[in-house]
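Please keep the sequence and the structure in view while reading.

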Amino acid sequence: MAEPKTRPTRQSVVSFLRNVPDEGRRRDGRTLMQIMRQITKREPKMWGASIVGFGTYTYRYANGRELDWPLLGFSPRKQNLTIYLMTGFEGAGGLLRALGKHTHTKSCLYLRSLDDVHLPTLKKLLRASVRQTLSSAR
């Protein structure tokens with residue numbers, strides 16, 4: 001079985017964020033780094049070339065395969081600011097409605113800017129995801 005490409009690296013998170021071309025994305029990245037550090041109580045690490053992750057969770061597929069992934073993570077991509085939540089959004093309809101301008105897939109939240117969302121609601125989503133992920137790991 002092939003090794004996953006997205007795994008922790010020794011790349012500097014600060015250097016990575018400093019080199020994000022768009023100033024708004026850099027600012028949002030620094031803000032998310034503070035928020036996620038506070039919520040997870042873990043230091044950021046680069047996962048692959050472009051994901052800033054916090055903590056580690058071992059995801060177990062139905063077939064028994066396992067994959068390590070950050071408890072929370074984000075990537076300041078050119079198109080969107082992508083936030084990775086292990087738990088997805090099932091049962092989070094009220095928070096998503098209150099969040100503000102965004103789109104999402106099963107476990108990714110896409111934002112144009114943190115200015116477009118209600119930060120206290122985003123923090124609630126992130127906290128709930130970490131709480132649920134950690135409780136399911138027991």
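The model is predicted. The structure contains four salt bridges, and three residues, E23, R26 and R30, are joined in a network of such contacts. Strand 5 (residues 72–76) is largely enclosed by the rest of the structure, because five of its five residues are buried.

- E23 and R26 form a salt bridge through their side chains, with an N to O distance of 2.5 Å.
- Both E23 and R26 belong to helix 2 (residues 23–40), where they are three residues apart, about one turn of the helix.
- E23 also meets R30 in a salt bridge, at 3.4 Å from N to O.

**Salt bridge between distant parts of the chain**

- The side chains of R27 and D115 meet in a salt bridge, with 3.7 Å between N and O.
- This pair links distant parts of the chain, 88 residues apart: R27 lies in helix 2, while D115 lies in the loop between strand 8 (108–111) and helix 4 (119–136).
- R27 is partly exposed, at 36% relative accessibility.
- D115 has a relative accessible area of 61% and is exposed, because this value is over the 50% cut-off.
- As a general point, side chains of opposite charge can pair when their charged atoms come close.

**Burial of strand 5**

- Both faces of strand 5 are covered.
- On one side, L72, F74 and P76 are buried; on the other, G73 and S75 are buried.
- In general, side chains in a regular strand alternate between the two faces of the sheet.

**Pairing partners of strand 5**

- Strand 2 (residues 51–54) runs antiparallel to strand 5, and three bridges join the two strands.
- G73 in strand 5 is the bridge partner of G53.
- Strand 6 (residues 81–85) also pairs with strand 5 in the antiparallel sense, over five bridges.
- L85 in strand 6 stands opposite L72.
- Strand 5 and strand 6 form a hairpin, with four residues between them.

Note on methods. Residues numbered from 1 in each chain as written. Predicted model: local features only at pLDDT ≥ 70, side-chain atom pairs only at ≥ 80, totals over all residues. Heavy atoms only, no water. Buried < 20%, exposed > 50% of the residue type's maximum accessible area, 1.4 Å probe, protein only. Pairing = 2+ DSSP bridges.
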